[in-house]
Each structure stands twice: as C-alpha cells, then as structure tokens.
Amino acid sequence: MHEEHAIVQQVYEAKENMPKADALIRAYMPFIESETAKFLHRPPDLRNDDEVSIAMIAFHEAIQSYSKEKGAFLKYAAVLIKNRLIDFYRREKRHAQVLSMETPTSEDKTLADTIPQETDAFEDFELRDATKNEIETLQNKMKPFGVSITDVAKHCPKQKRTLEECKKVARFAVAHPELLKIVSDSGRLPVQELVDGCGVSKKILERHRKYLIALLLIYTNGYVILRNHIKQIMEGGENA
C-alpha cells in the first residue's frame with residue numbers, strides 16, 4: 001500500500017514536470033519492458049523494436065491521464081500499454097494490406113485498381129493530432145536548451161559518410177542511457193564521452209551539435225512518429 005501511495009504521488013508530480021516524468025519513465029523501464037515482452041511473447045529488442053517506444057509513450061500517456069479514481073497506477077498503465085500496442089499492430093496490419101493491394105492482376109492493373117478508394121478520416125486526424133502533440137512536447141523540451149525543431153532539418157548532415165557517423169552516435173548513446181540522461185537533463189551534448197566511446201570526431205559532433213541534441217532527445221522519450229521521420233531523413237543524403 002505504501003509503495004502504491006508513493007508511485008501515485010510521483011505520478012501526480014510528474015504530470016506538470018517533464019524532468020520528473022522522464023525520471024519516472026526511466027525508473028519503470030523494467031516494468032515497461034516486461035509489459036512489452038508479455039505482448040510480444042519474447043524479450044523486446046531495445047534498439048530495434050518500435051513496440052518499446054510505443055510502450056514508453058503509453059506509459060507517459062498513463063502519467064498524464066491517471067487519476068486515483070482509476071485504481072492502481074501500474075495496472076492502469078499496463079492496460080494502456082497493451083491497448084496502444086494493439087492499436088500499433090492494427091495500423092501495421094492495415095499498412096501491410098495496403099502494400100498487398102499492389103499485387104498485379106490482368107490488363108496491367110493492380111488489385112488496388114479493382115476496389116473503391118476509401119480513407120479513414122478519423123485515423124488521419126488521430127495521426128496528425130498525435131504528431132502535433134509530439135512536436136509540441138519536443139519543442140517545449142528543447143526550448144530551454146536553445147534548440148528548435150527546425151534545427152533537426154537545418155543541421156541534418158547531407159553527406160552519407162557524415163550521416164553514418166551521426167547514426168553511430170545515436171546507436172552508442174541509446175546503448176548508454178547515462179549519456180541520454182545528460183542530454184535530457186542539461187541539453188549538453190557529452191562530446192568527449194561520445195568521442196571516446198564511438199570514435200566519431202569532435203569536429204563532426206560540434207558541427208552538428210543541435211541536430212544531435214534533438215535526435216538524442218527524440219530517442220530519450222521514444223517519440224515514435226518523429227523518430228520514424230528522423231529515420232527517413234537519415235536514410236537520405238548524398239554520397240561523400
């Protein structure tokens with residue numbers, strides 16, 4: 001009972017305090033990973049499974065929407081995580097079905113050409129609203145650090161070689177949460193730690209500092225929509 005009372009108090013404090021929300025998410029990552037594992041029926045891959053990011057976002061959503069009338073917080077968060085993962089899989093299934101519509105049929109047509117075109121207006125609105133919320137949350141997080149959302153695009157490396165170096169930084173930082181915490185808490189890019197840890201030159205880190213800060217903040221809180229967008233950007237670029 002005391003433990004439940006303590007977490008409820010932490011949740012209420014985290015509702016209006018992003019650093020406390022971040023700390024609560026980090027503290028309960030084992031719980032988040034466990035709930036993800038229940039859904040996947042296997043241990044999640046923290047680097048590659050989007051389900052972990054979905055679960056983290058759902059946990060943050062649970063913090064924001066929780067009230068004592070909803071019962072024990074962790075049970076409430078577990079239900080929300082499961083529901084969001086189910087929603088994610090349904091979207092993925094619909095996308096897979098869209099791809100299958102490209103199957104060729106007779107007369108140089110695809111299967112998609114033979115059925116009426118339909119759109120899910122509610123889903124489109126939901127996606128736009130979710131994206132807007134992620135951007136606003138990220139902007140508020142970056143503002144005290146002197147970094148804007150446009151810095152992500154403005155300072156994005158154009159050469160493939162440099163993009164690969166930035167990917168290396170992201171992978172190393174994700175594998176070392178203490179470095180992400182430095183960025184999240186202070187807005188400071190731990191340059192020397194990254195140079196020593198992943199071998200990327202200090203010149204590249206300094207030149208793309210704002211981009212890397214925004215990138216690592218996105219990975220810190222699992223902004224799944226923005227993260228997917230960043231992945232698309234990072235897959236582009238020109239050859240060195």
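His208 is buried, with a relative accessible area of 10%; buried means under 20% relative accessible area, exposed over 50%, and partly exposed in between, with a 1.4 Å probe and protein chains only. This is a predicted model, in which local features need pLDDT of at least 70, side-chain atom pairs count only at pLDDT 80 or more, and totals for chains, interfaces and linings use all residues. Residues are numbered from 1 along each chain as its sequence is written, and side-chain values use heavy atoms, with hydrogens and water left out.

His208 sits in the loop between helix H11 (202-207) and helix H12 (209-221). Helices (H or I, at least four residues) and strands (E, at least two) are DSSP runs, numbered from the N terminus. Not counting residues up to four places away in sequence, His208 touches His155, Pro157 and Thr162, where contact means heavy atoms within 4.5 Å.

The protein has 13 helices and 0 strands. Its pattern along the sequence is accordingly written α-α-α-α-α-α-α-α-α-α-α-α-α. Of the 240 residues in the protein, 39% are buried. Among contacts between residues at least 6 apart in sequence, 63% join residues at least 24 apart.

The helix pairs come next. Two packed helices are described by the angle between their axes and the distance between the axes. Here, axes are lines fitted to C-alpha atoms, for helices over the stretch in contact, and angles run from 0 to 180 degrees between N-to-C directions. Angles under 35 degrees count as roughly parallel, over 145 as roughly antiparallel, 65 to 115 as roughly perpendicular and the rest as oblique.

Helix H2 (residues 18-27) packs on H3 at an angle of about 60°, with the axes 4 Å apart. H2 and H3 are therefore oblique to each other. On the H2 side the contact is made by Ile25, Arg26 and Ala27, and on the H3 side by Met29, Pro30 and Ile32. These residues divide into 5 nonpolar, no polar and 1 charged. In this division, Ala, Val, Leu, Ile, Met, Phe, Trp, Tyr, Cys and Pro count as nonpolar, Asp, Glu, Lys and Arg as charged, and the others, Gly among them, as polar.

Helix H3 (residues 29-40) also packs on helix H4 (residues 50-65), where the axes come within 9 Å and cross at roughly 125°. H3 and H4 are therefore oblique to each other. The crossing of H3 past H4 is right-handed; a crossing is right-handed if the near helix is turned clockwise from the far one by less than a right angle, and left-handed if anticlockwise. Met29, Phe31, Ile32, Thr36 and Leu40 of H3 meet Glu51, Val52, Ala55, Met56 and Phe59 of H4. The division for this contact is 8 nonpolar, 1 polar and 1 charged.

Glu35 belongs to helix H3 and counts as buried, at 13% relative accessibility. Its C-alpha atom is separated by 9.3 Å from that of Val52, 17 residues apart along the chain. Leaving aside neighbours within four places in sequence, Glu35 is in contact with Ala78 and Ile81.

His41 lies in the loop between H3 and H4. Most residues other than glycine have a negative phi. Phi of His41 is near 65°, a positive value in a residue other than glycine. His41 counts as exposed, at 72% relative accessibility.

Helix H5 (residues 73-100) contains Asp87, which is partly exposed, with a relative accessible area of 28%. The C-alpha atoms of Asp87 and Ile54 are separated by 9.8 Å, with the two residues 33 apart along the chain.

Phe172, Ala173 and Val174 in H8 meet Pro177, Leu179 and Leu180 in H9. The residues of this contact are 6 nonpolar, no polar and no charged.

The cysteines remain. The structure holds 0 disulfides, a disulfide being a pair of cysteine sulfur atoms within 2.5 Å. For Cys198, the closest cysteine sulfur is that of Cys166, 9.8 Å away and too far for a bond. Cys166 is buried, with a relative accessible area of 1%, and Cys198 is buried at 13%.
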